[in-house]
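Please read this briefing alongside the sequence and the 3D view, which are shown just below. The points that follow are grouped by topic for a reader who is new to the structure.

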Amino acid sequence: MSTEIVQLVEQAGPFLTTAVGTYGAAVFSRAESAAVDATANLGRRILQTVWGRRDAQGRAELEAAVQDAAEAPEDADAAAAVRQQVKRALREDAELLAELARMLPASGETVTVTASGERSIAAKTIGTAVTGDNTTIQP
């Protein structure tokens, strides 16, 4: 198997897992949701793209893998089965590899930033963050 395929699937893995966890088996029919984070939406787009390029048997196999992963979100083997289906599709369709590579972040870096609670802030990088009531920046 091509190293390029392995690397792409490793990079896409978190997006796929988040999409299956968020959308479940409806990942193939759901439209992008503004209420869902970008990670899940990218994973949904990846899965829909792969699904759309497969024949009837390939679609059924991918759907079954996604269904299993949706029903058992903590099962690493179920998540691996989804990734395996994506690898199979990539081995059979060189153009799909290029298409998915364009969809993924260019840096290969996945960043998840979460803010929780009143007045919380979150950022990948930040210079100065001032929060709270009556705060001032001291030189």
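In which helix is the place of Ile 46? Ile 46 has its place in helix H2, where helices (H or I, at least four residues) and strands (E, at least two) are DSSP runs numbered from the N terminus. This is a predicted model, in which local features need pLDDT of at least 70 and side-chain atom pairs count only at pLDDT 80 or more, while totals for chains, interfaces and linings use all residues. Residues are numbered from 1 along each chain as its sequence is written, and side-chain values use heavy atoms, with hydrogens and water left out.

**The chain as a whole**

- The protein chain has five helices and zero strands, and from the N terminus on its elements run α-α-α-α-α.
- Of the 139 residues in the protein chain, 32% are buried, where buried means under 20% relative accessible area, exposed means over 50%, and partly exposed lies in between (1.4 Å probe, protein chains only).
- The accessible surface of the protein chain comes to about 8500 Å², and 46% of that surface belongs to carbon and sulfur atoms; such areas come from the Shrake-Rupley method with a 1.4 Å probe, and for residues only the protein chains shown count as cover.
- Among contacts in the protein chain between residues at least 6 apart in sequence, 54% join residues at least 24 apart, contact meaning heavy atoms within 4.5 Å.

**Helix H2 with helix H5**

- Helix H2 (residues 38-53) and helix H5 (residues 94-103) pack at an angle of about 170°, with their axes 11 Å apart; axes are lines fitted to C-alpha atoms, for helices over the stretch in contact, and angles run from 0 to 180 degrees between N-to-C directions.
- H2 and H5 are therefore roughly antiparallel to each other, given that angles under 35 degrees count as roughly parallel, over 145 as roughly antiparallel, 65 to 115 as roughly perpendicular and the rest as oblique.
- The crossing of H2 and H5 is right-handed, a crossing being left-handed if the near helix is turned anticlockwise from the far one by less than a right angle, and right-handed if clockwise.
- On the H2 side the contact is made by Leu 42, Arg 45, Ile 46, Thr 49, Val 50 and Arg 53, and on the H5 side by Glu 95, Leu 96, Glu 99, Leu 100 and Met 103.
- The residues of this contact of H2 with H5 divide into six nonpolar, one polar and four charged, where Ala, Val, Leu, Ile, Met, Phe, Trp, Tyr, Cys and Pro count as nonpolar, Asp, Glu, Lys and Arg as charged, and the others, Gly among them, as polar.

- Ile 46 is buried, with a relative accessible area of 1%, and, not counting residues up to four places away in sequence, Ile 46 touches Ala 12, Phe 15, Leu 16, Leu 100, Met 103 and Leu 104.
- Although Ile 46 and Val 86 are 40 residues apart in sequence, they are 9.1 Å apart in space, C-alpha to C-alpha.
- Thr 49, which lies in helix H2, is buried with a relative accessible area of 16%.
- Leaving aside neighbours within four places in sequence, Thr 49 is in contact with Leu 96, Glu 99, Leu 100 and Met 103.

**Helix H4 and its partners**

- Helix H4 (residues 76-92) and H5 pack at an angle of about 120°, with their axes 5 Å apart, and H4 and H5 are therefore oblique to each other.
- Val 86, Ala 89, Leu 90 and Glu 92 of H4 make this contact with Ala 94, Leu 96, Leu 97 and Leu 100 of H5, and by class the contact has seven nonpolar, no polar and one charged residues.
- Helix H3 (residues 56-71) and H4 pack at an angle of about 160°, with their axes 7 Å apart, which makes H3 roughly antiparallel to H4.
- The crossing of H3 and H4 is left-handed.
- Ala 79 has its place in helix H4, and, leaving aside neighbours within four places in sequence, Ala 79 is in contact with Thr 17 and Ala 69.

**Val 20 in helix H1**

- Val 20 lies in helix H1 (residues 3-23) and, at 6% relative accessibility, Val 20 counts as buried.
- Leaving aside neighbours within four places in sequence, Val 20 is in contact with Leu 47, Val 66, Ala 69 and Ala 70.
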